[in-house]
Amino acid sequence: MKTEEIAVAREDTRESVTFGADRNKDFSKEPLCLSGRGVTRVFHTGKTTTVAVDHVDFDFHHGELISIVGESGSGKTTLSKMLLGLLEPTEGQIFFHGQPRDISTNAKKKEYWKGIQAIFQDPFSSYNVFHKIDSVLLDCINMRGGKSLPREKKVEMMTEACSFVNLKFAELTNKYPFELSGGQMQRLMIARIFLLKPDILLADEPTSMIDACSRATILDMLLNLRNETGMTVIFITHDIGLAYYISDSVYIMEHGKFVESGKADKVILEPQAPYTKRLISDVPKIHEPWDLSTVDLTAGN
Amino acid sequence: MAKKILEVHQLTTKYITRQGEDVYSVDHVSLDIEEGKSLGIAGESGCGKSTLALSLMGYYFAPLHYTSGEIIVDGKNISGLDPDTVRKTVLGSEIAYIPQAAMNAMNPTRKVGKFIEDVMQAHEIKMTKKEIRDMAEERFALLGLPTEALDKHSVELSGGMRQRVVIAISTILNPKVLIADEPSSALDVTSQKMVIKMMKDMMAKGLVKSMIFITHELPLLYNVTDDIMVMYAGQIVERGSAHEMVFDPIHPYSRGLMRSILVPEEGTRDVKLTAIPGTPPNLKHPPAGCRFADRCRYATPACKVVAPPLLDIGGGRTYRCSFSVDQLREVYQNED
């Protein structure tokens with residue numbers, strides 16, 4: 001068989017993803033979407049007091065893809081809960097579209113959640129197991145005020161959302177979420193976001209429970225989603241290599257504080273903070289050597 | 001040529017489901033490791049990595065069953081032995097295994113030192129408590145672990161320390177083969193580095209003679225092991241040196257895996273990741289032809305009918321594909 005005969009016959013889904021016009025676009029001139037000043041959260045357990053998030057400032061611009069990187073216990077999950085409005089800061093203020101965020105009543109909270117949605121780490125616990133997939137997607141259309149649309153229009157919208165994440169809607173109707181694989185469930189989650197079209201998507205480690213090869217699909221779909229809808233994406237992760245690949249800006253978090261932030265290229269390639277430097281040097285790499293000789297096994301004994 | 005510590009010939013093991021169906025999750029796997037070398041096993045979830053690790057120990061319990069093949073550790077055939085004999089004469093002394101959840105392997109009500117006494121007792125080694133204690137202290141000091149840890153309960157240790165203590169305990173009898181199944185995936189990067197450093201030290205000091213390291217994290221594998229073997233649907237699809245496998249993979253599946261690597265290094269941000277579409281085949285009814293054909297972008301109709309054999313192309317490299325190395329390389333070159 002000749003080489004030419006090895007045809008690329010299969011429809012290739014991989015090439016459909018683009019980075020967007022500019023990987024190094026300057027978002028600082030875009031309007032502010034979500035920002036915070038002195039945001040703090042203190043937990044009291046018995047006599048001990050834990051400052052999980054300690055006076056952090058941030059500016060997330062419209063259409064920007066931001067990564068918050070930190071190890072376990074750095075406070076990134078507490079921060080994400082505050083951003084989502086599931087926890088109130090004990091001090092400081094969060095601004096939504098430049099205005100102080102008000103989620104004091106349930107009605108106001110619901111209104112806020114139209115603007116911010118989330119994808120979580122565990123796709124298996126993100127769904128109501130009693131609801132079929134079409135009802136999951138129908139809920140999204142209804143939430144966006146499409147309740148009175150004709151049935152055909154709704155099916156068309158759901159089909160479009162599914163094809164955006166390379167799922168076939170026709171095969172999914174009448175199925176329950178747990179009949180899908182982890183990667184497919186996470187993609188369905190992105191289809192939900194596609195229908196809901198919030199201003200902000202908060203993705204909390206959406207790929208940490210998924211294989212490396214499916215991970216690439218999810219990441220590219222998130223990038224696509226941002227490029228197509230122009231939503232702000234806040235990506236929370238412990239994987240600094242992943243953060244570098246996907247984001248425009250990176251915030252590095254340690255012990256509840258941002259130790260470094262800025263454009264991805266600057267933070268990852270020219271780290272200033274000692275913590276960032278250590279984090280980057282501890283990650284195994286493939287082009288630069290991974291130096292084990294400096295590891296002190298007795299440290300922390 | 002260095003001595004072969006582990007030789008596996010055509011090992012096949014299966015799971016028997018509750019419905020009585022056979023699932024061959026390790027299918028005619030042959031591999032060997034020389035003294036002082038390490039082998040990494042990569043592949044996505046469900047490809048048989050962990051089952052292979054369990055099968056290599058020769059210790060089978062339902063639903064996993066031994067079907068055929070040989071496992072030879074340092075000249076001694078351990079396949080087909082009964083579980084009791086394996087437990088007494090193989091586990092711990094010939095082959096040691098560190099499971100994924102090793103951090104939670106210790107009974108929280110007992111002190112660390114007690115586990116080492118248990119190991120000695122299980123292998124019927126006659127030593128007094130004082131001798132065991134001295135040996136344990138010596139080993140802990142050698143591996144950079146505090147000897148006070150022997151008097152602590154597992155819950156008093158940090159995650160990284162607990163993992164290193166478990167590794168120290170399971171290798172106390174100087175096994176010839178150490179099988180580590182994702183030993184660092186639950187740890188943060190700094191603790192991970194310490195665990196890896198300790199395992200490499202153990203190899204360098206000759207406490208273990210060879211190592212099999214299983215993980216789906218390819219940059220880690222690249223830095224830890226001499227060779228990398230990629231598994232897909234219960235079979236080996238490619239094996240080569242770590243450098244060859246990462247920078248010059250032959251099999252389309254390995255190439256797909258290597259192109260999903262994410263590292264914080266200059267230039268990596270501008271290269272688009274490629275994903276492999278689809279899901280692995282159901283091994284209850286494996287496809288007749290190449291198992292990867294359904295997801296392979298280069299597959300021809302013939303690929304779905306004829307199962308390609310594992311080809312040896314010399315220099316320790318093997319791959320399983322109907323196309324020749326030159327054909328595949330040319331196609332890859334045209335793509336870039």
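1. In chain A, strand S6 (residues 116-119) and strand S7 (residues 200-204) run parallel and are paired through four bridges; strands are DSSP runs (E) of at least two residues, numbered from the N terminus, and two of them pair if DSSP finds at least two bridges between them. Opposite Ala118(A) stands Leu202(A) of S7(A).

2. This is a predicted model, in which local features need pLDDT of at least 70, side-chain atom pairs count only at pLDDT 80 or more, and totals for chains, interfaces and linings use all residues. Residues are numbered from 1 along each chain as its sequence is written, with chains lettered from A and ligands numbered from 1 in the order in which they are written.

3. From S6(A), Ile116(A) and Ala118(A) point one way, while Gln117(A) and Ile119(A) point the other way; all are buried. A residue is buried if 20 or more other C-beta atoms, placed from the backbone, lie within 10 Å of its own. In a regular strand, side chains alternate between the two faces of the sheet.

4. Ile119(A) is also among the residues touched by Ile190(A), together with Val165(A), Met221(A), Leu222(A) and Leu225(A), leaving aside residues up to four places away in sequence. Touching, or contact, requires C-beta atoms, placed from the backbone, within 7 Å.

5. For chain A, 39% of the 301 residues count as buried. Of its contacts between residues at least 6 apart in sequence, 69% join residues at least 24 apart.

6. The C-alpha atoms of chain A fill a box of roughly 65 × 60 × 40 Å along the principal axes.

How values were computed: Contact = placed C-beta atoms within 7 Å. Buried ≥ 20, exposed ≤ 12 C-beta atoms within 10 Å, placed from the backbone.
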